[in-house]
Structures are given as C-alpha cells and as structure tokens.
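This report describes how aromatic rings pair up in one protein model. The sequence and structure come first.

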Amino acid sequence: MDYHTEAPPILRDFLTYHETIQGHSQKTVDEYFLDLRTFFRYIKIEKGLEPRSAELDEIPIDDVDLELVRSVTLSDVYAYMRYLSRDRVKHANAATPEYGLSASARARKIASIRSFYKYLTNKAKVLSENPMQDLDSPRLKKTLPKYLNLEESIRLLESVNGANKERDYCILTLFLNCGLRISELAGLNLTDVRGDQLRILGKGNKERIVYLNDACQSAIQDWLEVRGNSATIDKNALFITRRHTRITTDAIHYMVKKRLLAAGLDASQYSSHKLRHTAATLMLQNGVDVRTLQEVLGHDHLNTTQIYTHVDNEDLRTAARANPLSKVKRKSEKA
C-alpha cells in the first residue's frame, strides 16, 4: 500500500504533513489513510456518487476533492458511525463474519476524521470553518490493565531456561523493569546501550532515555557475551535470532507466550504488552510518581499514564482505613 499513488491530492497532502512534519511512523500514516479511504468511500455512496449496490471496499477515491470534503456534515459522520457499529465486518477474511466495530475501533476512525478536518482548517487553510469541531467520539468502557504481580514476575524470570535463555531473559527483564513497547525492544541497537542508560526510539520517532538498574545491566551483559560478534544481516541489532537476523515483534510475542506457559502462567490472559503494564504498576506501587512514570513509558499525555494509578493503589487502602467508621462492625445478637 502506497498512499503517494493511491490517495487523491487533498488526502496525500494531509498524510505527507503527518509523516514529514509531525514525524508520525509509516504505520500510523497508513492507518490514517485506511480510515479516511473507507470513510470517503461511504460518503460517495451517501452523496449519490456511487450506487447503493456498490461494494464499499472496491470504490475508488481518486476523485475525492475539496468540494466533496466540504460537503460532509456531522450528520454524515454519525451515520457513518452507525454503519460501522452495525454493518461493518469486523474481520474481512473471517470464515464466519461478525459485524459491528468496537467503540475503540470507531473512536480511532473518528480521530482520523477529526485530525483531517483540523489540518484543512488550521494548516492548509482551505476551509474557513471546521465542520468537525464538535464531533464527539464514542464513549469508551474504561478497563483496568492486566498485569503480573511481583511473585508472578519473579516466577516468569526464574523459569527461563533452554535455548536462547540469555536473550529471552534479557528481553523479559527489560520489559518488566523498563516498561518498553514491543516495537521499541525489537528496534534496539547495540549503540543504544550506553552504560547505565538505554536510548529508545519510541512512537513518532521520539527519543527518550531510560536508566538501567543492576538487573538490566547484568542481563544485557550476559546476553552480549552470548551474542558476540555474530554475522548478522543488521549488524547493529541488539536482539537477534538463531539465524542471525534482527528479532521481530511477532517473534517476541511468540517467545513471551511460550515463557509464560513454561512459568505456569495463563498465556491467554497475558501478553508482551501486559509486561509493560506490569512494569508500570510495580513502579507506582513502589513509590514512583506518575509524572516520572510518564517519562519512563514515553507517554505523550499524562492521562494515558494515570490509568495505572487505579491499579492496586496502596493510597486507596490507606484512605479506606483512615475512615473513622472503618472499625465499626455489626454487634452480634445476644441470646
């Protein structure tokens, strides 16, 4: 997929802006394109530019222009959201299709539409007013992140054995101590290890530094002794496979599931991303303030980090015990 050739000029300019000026990753820009492509395919049907019988996923959008973009109203977008929640196939290639996207999936598509119109109004200045200014997102159900407790985390680390044990132990240690994203781990280079510091290239190509504790430094050193100077295709890759290629995110996912099973933990409930949640939760439980944690995790917004403050917060227990009614119990009836 290449939006440079598939997208009409008005979309291509928006996507290029996000890739070159905003520094968003190619994956993020591609998701914007897919979201907006589906949206304008739907709009073309709604505006009578395509027959109702047309296959949505086959409608071309190369003729989408400013006139069509300007004609879209909030009512059109909410009708599109209704279509996504009821009639859109969840998984295109599923043997038995299910219909209706989740609220979180619809919220992402709303964000793409809102961002596009904001760009046209504030940056490209081809719209005098933003018709999506008051566009609401679907209400999302708040769920607390799953995580391993301290004992389970130790059990996971202590169970690592067999082939690739030094590499896998090092990856798990960085997950559990530094809270890295899986893409950040796969992308680590030898040159990113700088004594007690680790340089991380995060979302949107944003760099941050995390400090390595003794456990991390020891695990990295053990792995580097095994890794040696292998003739890898990417000679600078920190983590490599037995075939001497850079480890992929899929390979890390598979490894984490395998190691969880070996530790007697429920691999269906936990994943590599849950290890990031674990690191965040353990740090908060042991005195790290939420703003420092925001820096460690590489979150743009504090709100993203604050979800962890609701997980097993000792301050909440203290508040409950401080209530003067906490020791008042029902008196037992006398015979």
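Ring pairs join F14, Y17, Y32, F39, F40, Y42, Y80, Y83, F116, Y117 and Y119 into a cluster. The model is predicted, so local features need pLDDT of at least 70 and side-chain atom pairs count only at pLDDT 80 or more, while totals for chains, interfaces and linings use all residues. Residues are numbered from 1 along each chain as its sequence is written, and side-chain values use heavy atoms, with hydrogens and water left out.

Rings of Phe, Tyr and Trp (its six-membered ring) pair if their centres lie within 6.5 Å; planes under 30 degrees apart count as stacked, over 60 as edge-to-face and the rest as tilted. The structure holds twelve aromatic pairs. Two of these are set out below.

| Pair | Centre to centre | Angle between planes | Class |
|---|---|---|---|
| Y17 and Y119 | 5.2 Å | 40 degrees | tilted |
| F39 and Y80 | 5.1 Å | 65 degrees | edge-to-face |

Helices here are DSSP runs (H or I, at least four residues), numbered from the N terminus. Y17 belongs to helix 2 (residues 9-20) and Y119 to helix 6 (residues 103-123), so their pair links distant parts of the chain, 102 residues apart. Both are buried (under 20% relative accessible area, 1.4 Å probe, protein chains only; exposed is over 50%, partly exposed in between): Y17 has a relative accessibility of 16% and Y119 has 13%.

F39 sits in helix 3 (residues 26-46) and Y80 in helix 5 (residues 74-86), so this pair ties together parts 41 residues apart in sequence. F39 counts as buried because its relative accessibility is 0%. Y80 is also buried, with a relative accessible area of 0%.

Conventions: Helices (H or I, at least four residues) and strands (E, at least two) are DSSP runs, numbered from the N terminus.
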